[in-house]
Amino acid sequence: MRFDPLEYPYPSRRNCVYAARGMVATSQPLAAQAGLAILQQGGNAVDAAVATAAMLTVVEPTSNGIGSDAFALVWSGGRLHGLNSSGPAPRALSVEALERAGHREIPRHGFIPAMVPGAPAAWVELNRRFGRLPLTRVLAPAAEYAERGYPVSPTLGRYWQSAFASYRKSLDGEAFRPWFDTFAPQGRAPAIGEVWRSPAHARTLRMIAETAGEAFYRGELAERIAAFARQHGGYISADDLAAFRPEWVEPISVHYRGYDVWELPPNGQGLVALLALNILKGFEFGAREDVGTYHRQIEALKLAFADGRRFIADPAAMDVAVSDLLSEAYAAERRQLIGRTALDPAPGQPPRGGTVYLAAADGEGNMVSYIQSNYMGFGCGIVIPETGIALNNRGHCFSLEPGHPNRLEPGKRPYNTIIPGFLTRDGQPVGPFGVMGGFMQPQGHLQVIMNTIDFALNPQAALDAPRWQWIEGRTVELEHSVPTHIADALARRGHAVRWAMGSGGFGRGQIIWRQPDGVLVGGTEPRTDGQIAAW
C-alpha cells in the first residue's frame, strides 16, 4: 500500500482523553505508552515521567538525548517542587578561550557549545526523591526499544531527514563521524516507518540505571566523554561532570484571573510567560478571534521578551530580582506602553530590589510537568563513540557582550529556553502543561493559558487553536488557521505579518488537568506524533 505519511488534506479533530488511574501525554506514542506501562507496574507519576523522558531520548532523538538538560515541576505531598537540572559551561571554556581559538561568536556545532548534560542527573534525582520503583525498572523500556529498534514516526522522520541534510553540509571532521555512524548508519536518515536501533544507547541507559547515574558523572561514561573531548579539542572534563548536581528550586508564579500560573525561576525563560500574563491581566478580553486580543497578546509578549533577553541569566549573575520584574507596579508600567499600533520592543527599567515535553499524573494525586532538550535538534552534532550520547548545544544561548548578565563564564549556566508549566487554583493542583520549541515556548504557554482561562477551551481545543509567533521587531508569524481578517487587521496596526509554511515552528504541547472529583482530562499536540496513554 502506497501513501504519503505527511499528507493530511482534510481537517481532523481529536477529543479530550479522560481517565481516573493515570495519564501520560507526550509527543511520541511509544514514549507515552512506556510511561503508562510503568504506572501499571505499580509506579507513580514521577516513575512514569522518568520512564517517558528516557524513552524520548530513543524515540525522538531529533529533539533530545542523553546529553540533554532537564527541568521539572512536581506536585507531590500537597505542594509544588521545582527541579533545575541544566548544566553549566565547562571550567575550561571562557570568552578568552574562544578568542584564542579564533572565534568571535559561539558556534552551533562542535564541542564549544556543549554544556555539562543534566538529564541523567534529573532522572536519578526525581527517582530518588519521589519514585517508587527502582531506576533499573523505570529505564528498562527505553533500553529495550533502543536495543530492538522501532519504526520511525512521521514527524520524527521529517525532522530527522531535515537534520541529516543540514549536517551533511555543515558537520565536517572526525569529531562528527560518530553522529553519522549512530543516526545515519546507512549513509542517510531512516525513512518514515523504517526501523532504527541503537544498541550503544541501550547499554548506556542500563549503565545509568544500574549505577544511579554514577557511571555517567563519575565513572566509565564520564571518562569516555572527557577522553573524546580531549581528543578533539573540547572543553568538558571529568571534573566538570563529577561536580554537577541538579538543584531543587522554588517555583515562581503570577496570579491570573483566579488561578496561579507556575514556572521555574531563571536561568529558564518561564519568567517571560509570567511577565506577559502579568501585563495582560490588566485587560479584559471578550473573544479569542478578535484583532484586539491578538494585538495585545503579541505586544505584551514582545515587552516580556525584551526584558527576558536583557535580564535572564544564571541567578547568581542576574542584576535584577525576579520579584521586582513580577511586581504589580512594573506590570502596570509596561502595560501602559501597549497602544493601538505595533511597537518595537525594548527592555524596561524595573525597580531594583528543535525539545521534548511530557506531562504525567497518577490516581494518587501526583502530577509532573517535565521537559528536556538538546536545544537545536540533535544538539551540537557530537556523539560520544559507542555510547549513543548526543551532547547538547545549549552554550549557543550565551552572550559575548561585555557586562551582560548572560555573558559566557566558566561554570556558569546559560539562558535556557526549556520551561515546564503548572496551574493551580486556591492552593490545589489543576495540572501540568507545556509547549516545547525554542523561543516559542513562553509564547505557547501564554496562548494555552489564555485559551484555558480567558476563553474556557478544553485542553484539546486549547492546543488545537491557531497560534501566532513573534519573531523579532514588528514581525509576527501566523498559522494558516488564523482567520484572514485577523491577519489583515494586524497588518493595519503596524505588524509585519507573514504566513508560516507549516506548523512545525509553533511548538508542541501537552496538557493534563485534574477535575475536582479526581478524574484526569488531557489534550495532546495535533502538530506532531503526540499521544495520551491512560487507564
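In the account that follows, a residue is called buried when its relative accessible area is under 20%, exposed when that area is over 50% and partly exposed in between, with a 1.4 Å probe and protein chains only. The structure is a predicted model, in which local features need pLDDT of at least 70 and side-chain atom pairs count only at pLDDT 80 or more, while totals for chains, interfaces and linings use all residues. Residues are numbered from 1 along each chain as its sequence is written, and side-chain values use heavy atoms, with hydrogens and water left out. Helices (H or I, at least four residues) and strands (E, at least two) are DSSP runs, numbered from the N terminus.

Nonpolar cores were considered first, a core being a set of buried Ala, Val, Leu, Ile, Met, Phe, Trp, Tyr and Cys residues joined through side-chain atoms within 4.5 Å. The largest such core holds 88 residues, of which W123, L139, W160, F216, Y370, I382 and L391 touch the most other members. Helix α2 (residues 45-59) supplies the largest share of this core, namely 12 residues. For Y370, contacts (heavy atoms within 4.5 Å) beyond the neighbours within four places in sequence include A53, A70, F71, A72, W123, L126 and P420.

Helix α6 (residues 140-148) has P141, A142, A143 and A146 as its buried residues. These buried residues are covered by elements that include α1 (29-40), α2, α5 (135-138) and α9 (199-210). Directly after α6, G149 adopts a positive phi of about 90°.

Aromatic rings were examined next. A pair of aromatic rings is described by the distance of the centres and the angle of the planes. Rings of Phe, Tyr and Trp (its six-membered ring) pair if their centres lie within 6.5 Å, and planes under 30 degrees apart count as stacked, over 60 as edge-to-face and the rest as tilted. By contrast, the pair of F130 and W248 is edge-to-face, since the centres are 5.7 Å apart and the planes are at 80°. This pair links distant parts of the chain, with F130 in helix α4 (residues 119-130) and W248 in strand β7 (residues 247-249), 118 residues apart. F130 counts as buried because its relative accessibility is 15%, whereas W248, at 25%, is partly exposed. Ring pairs also join Y150, W160, F164, Y167, W179, F180, F183, W196 and F378 into a cluster.

A charge is taken to sit over a ring if NZ of Lys or CZ of Arg is within 6 Å of the ring centre and within 35 degrees of the ring normal. In this arrangement, R309 lies over the face of F305 at 5.1 Å from the ring centre, and the charged end of R425 is placed over the ring of Y259, 4.5 Å from its centre.

Another arginine, R527, lies in the loop between β20 (520-524) and β21 (531-534), and with a relative accessible area of 12% R527 is buried. Polar contacts are pairs of N or O atoms within 3.5 Å; within protein, one must be able to donate a hydrogen and the other to accept it, and residues adjacent in sequence count only if both atoms are side-chain atoms. The side chain of R527 makes such a contact with the side chain of E525 at 2.5 Å, and the R527 side chain also reaches the backbone oxygen of A465 at 2.9 Å. Apart from neighbours within four places in sequence, the residues in contact with R527 include T155, L463, D464, E479, S503 and F506.

S253 belongs to strand β8 (residues 252-256) and counts as partly exposed, at 28% relative accessibility. Not counting residues up to four places away in sequence, S253 touches V261, W262, L274 and L326.

With a disulfide defined as a pair of cysteine sulfur atoms within 2.5 Å, the count comes to 0 disulfides. The sulfur of C380 is too far for a bond, because the closest cysteine sulfur, in C397, is 13 Å away. Both cysteines are buried, C380 at 0% relative accessibility and C397 at 12%.
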